[in-house]
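Good morning, and thank you for coming. Please look at the model on the screen while I describe how its parts meet.

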Amino acid sequence: MSDIPYRDVDVDGEKPGGRLMEESYLGERFSIWSWLTTTDHKRIGILYLISTTLFFFIGGAAATMIRLELFTPAGDLLTDDGYNKVFTLHGVVMVWFFLVPVIPSVLGNFLVPLMIGAKDLAFPRLNLLSWYLNILGGTFAVWAMLSGGVDTGWTFYTPYSTAFANTHVSLTAIGVFISGFSTIATGVNMIVTVHTMRPPGMGWFRMPLFVWAIYATSLIMLLSTPVLAMVLTLLVTERLLGLGIFDPNRGGDPILFQHLFWFYSHPAVYIMILPGMGVVTEVITCFSRRRVFGYAAMVYALLAIAVIGFFVWGHHMFTSGQSMYASLTFSFLSFIVAVPSAIKVFNWIATMYRGQITFEASMLYAMGFVGLFTMGGLTGLFLASVPVDLHLHDTYFVVAHFHYIMVGGMVSAFFAGLHFWWPKITGRLYPETAAQIAALLMFFGFNLTFFPQYILGNIGMPRRYHAYPDAFQVWHVLSSAGAVILAAAYLMPLGYLVWSLIWGKRAPSNPWRASGLEWQTGSPPPKHNFLANPKIEGSVYDYHPAQQPRREPSDD
Amino acid sequence: MGEVELVLPAATSAAVSTDGKLVGLLVISGLITLLVASLLGLFAVRFRRGSKAGRSRLPNWFSRELETVWTLATVGLFVAIFAWAASQDFALAVPPARSMEIHVVGKQWMWKAEHPGGQREINELHVPAGETIELVLNSQDVIHSFYVPAFRLKQDVVPGHTTRMRFHTEKTGTYRLFCAEYCGTQHSAMIGRVVVMAKEDYADWLTRQPEGDDLEEDGKKLFVSKGCAGCHYGSSQVRAPRLAGVYGSKVPLSDGRVVTADDDYVRDSILQPKRDVVAGFAPIMPSFAGALTEGELVSLTAYIRSLAVTETAR
Amino acid sequence: MTEAAAPSTPGRAIRSPALASHFHDLRQQHAAADLGLWIFLATEILFFGGLFAAYLVYAVLYPDGFLDAAAETEIVIGTINTALLLTSGLTAALAVKAAGAGMRRSVTMLIAVTIGLGLVFLGAKGYEYWLDLDHHLYPTSPEFPLAAPPAKLFWSLYWTMTGLHAIHILVGLGTWGIILFQTVRRSFSLTDNSRIRIAGLYWGFVDLMWLFIWPLLYLMGRAT
């Protein structure tokens, strides 16, 4: 498997490491200052890669502590407050400082201008600002953690967060608020870039689906993040200034907070998953050597998710005492929003049909994504049906459900994308076999960690419990064991990808023979992306140019 | 390591029908997962690079039709599941002929229950089997959630709101009670048990409880001690509405609205008297928010309710 | 590539210093700037939208409490401020027009007037805050004059809404200040740069938000 026949490593006339390297965006004389003041979208992408990786490991450390604590029923490793702080930290860091920025800001930043043949994003300085805002927000969150932590859960429900928690709620909320501006800045940049900077010849329906996914994601970011900003403002003014509008003693309604919060946070789930769908589409088409099945359907599905996703937030509140008719409406819309996701799954599978499939690490991750996303999506239907949700709401079933989407889905997709574009980003090839092993290990470890949690939820284990009845222990032990494997699988890429930076083989411009403009320039790309104007010919995903099957150059 | 639990007992009628939905969903999603996984596996093997499988191009009409077919099929399936699940909501929404009310107050970090006869318990709830029981839930501080897995039901307990949870008990036994909404430091210690007993045993249990004032008695004392009687009783100087017969009746308000005086109304009138002022009276009553605990509010409401009963009985 | 920009902006064979290196031509650059700001304003509308939604929910829940509480606001100052802000909106719009025509002196004058009106607005707002505090109209004040609990909800919303609006005014004034400085220094071309148009759009948005806040906070209490 390690010997991929068509991966042409040394192409004539393009001696890697020579002239090209010096002209690349990496090649300038290295100085910390030049990196910290860069407005080059590719370098900002790398800055984001470093910062999100850091946050991923902070959040991962918290997850490790959670799983260790839950190994035994008694609350013995951490104190109850300690445990509450750890899961809050895990949620806050993973949601706002890893999952939301990771694909749009790392891969999106790097690839969107390349994919549409532009020299940069529309607002390069705003782009740099967005990274600094993200770091500043993260600093606040980490500062809150170091100075004693916060224990409200990432959802900040009132009145606990406003009147009862004695921890650093305001500091954390301010951190999240600031990172919201970073999200908005990225969203504005992406939308304006896609609208105004496409070259002649690339109409809307000739864009790569990854660009479409980032576009749809940016729409959601722009329309939902401001509401989060407002709800956090109200939370902080209530805590710090006494301007309380959620305080029940004044007739304020804590449920209003939940409405405003989920008006952001449910669409935010789609902020986290749509970019992953974009990555997976690119990867599956490339390694199946097939044109994507149902391009238009894929686009409409993305947009449908982005739009309908705004009208389902009430399904987080079936147990809050909201009216039955409200619940049923939200339930119905939640079923409807699942339809476009299902269409995408079928389209990915149909893309593989009659393909020439190879199994590079990216492809393994992408196939894992399709399977895990399917399971995560289907268990979403359980939670969308009101009577079943009354049982499963706020149990480990929910925890398992969204980890299947976020970790099984989004993190797999991120690794698929990171491996796929690693040669483009760094100019180096990663060791394929090691990567394939890591991908399989991640799939196995993930399922062992989170599948038992479905069972736990079904037998009634509530979320955010520091200690639990003995009867639940078997499943928790399985889950913790899986987490160990998962942790190892996450450390592997850190090892071999860093290794490849120094000892990896030099990559040619198009190691996977993929379509797409980003592969028409050097690996790594020159400072202004393209030395000559990229050619836009045929449609995207032109893996099947002739009207009949084209045999790849024979591999005997 | 304790016994391994896989199947939950189903102790209410709702639990039985929820389990039906759960199994149905499990079968449907299991089949879909199987379909997706086997197609992925099949294509991965059959169309691996260099295999001998045929790769002739699909005609365009075929992909379009296929796309339409599976879109419609998914919509149909999902809407059907929705309708099936929703039918249970409608069935549950029908109010029962009669039900037994038990007041439950959630506070950090315990559950306090008060039976109609005034018996109280903490972190335990005894209920008779074969009865429809309605829990009236209030919170004294933050949001909690009353969750009994064996009932397949949970209901958030929200400060400032009165929420209700109705169930019909079927199977006797002792079941776990959890707080399902994160409520602070000892959230995971806010647990207890619900005991569903045969009717005779329940009656027996009630008699064995220490003699406590019942809710109405309690409320009557509070009505005097907290100063309500000063205005709302007898021939006091202050013009305030008399409360006999108010409960359950239609009350005209000063802004022209008419409301039914139910538990929520009584509660709101005590905590936020300026909100719904009765027509013909001045808004002079002070708020008792903070001056009364949730338990005291429940007792006062029970007393005012009892005034209506004596009135109509007369 | 850079010279290819010529045909789309006739009469401009030399690359304008205002044109950033990653754009083809000024038209593309201006389109990007305009679209970017419009999108930003959409996010601002949703930001305030959360606040207005909260206001609406409580106003429906507690109609009387809100009417009583709203009667305590300083309607005279509020109305004068509305007039000030609308006038500044006019001068800002004229500044944008003048910039399009390259009239540097008029631009300078009009921006200066806009800034002046904005400063007077803030001054009046500050005086009003002082009066409010004097009347103990702060929700945590022990001598808060209104008994109904929802009145505190109203006054929480009052301080939050006007406070956030004032911050937006401050940002706007800062932006105008920088632009005024640059206009006087002649450090940018009035016609090639879109910064005056962008600032004008933003200022228009801040005006518009006030036109929602004014009736909700000041006029409503006088409706009956």
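UniProt positions are given in the numbering used here, feature names are shortened, and annotations may be inferred rather than shown by experiment. In that record, an unreviewed entry, residues 35-222 of chain C are listed as "domain: Heme-copper oxidase subunit III family profile". This is a predicted model, in which local features need pLDDT of at least 70, side-chain atom pairs count only at pLDDT 80 or more, and totals for chains, interfaces and linings use all residues. Residues are numbered from 1 along each chain as its sequence is written, and chains are lettered from A and ligands numbered from 1 in the order in which they are written.

Residues 35-222 of chain C are 82% helix and 0% strand, and their end C-alpha atoms lie 40 Å apart. Helices (H or I, at least four residues) and strands (E, at least two) are DSSP runs, numbered from the N terminus.

I turn to the contact between chains C and B. Seven residues of chain C and six residues of chain B take part; two residues are in contact if their C-beta atoms, placed from the backbone, lie within 7 Å. On the chain C side, helix 2 (63-70) and helix 5 (149-185) each supply at least two residues.

Finally, chain B has domain 1 (100-208) and domain 2 (215-313), with bounds from an automatic or database domain assignment. Their centres, taken over C-alpha atoms, are 26 Å apart. Each of these domains of chain B gives nine residues to the contact between them.
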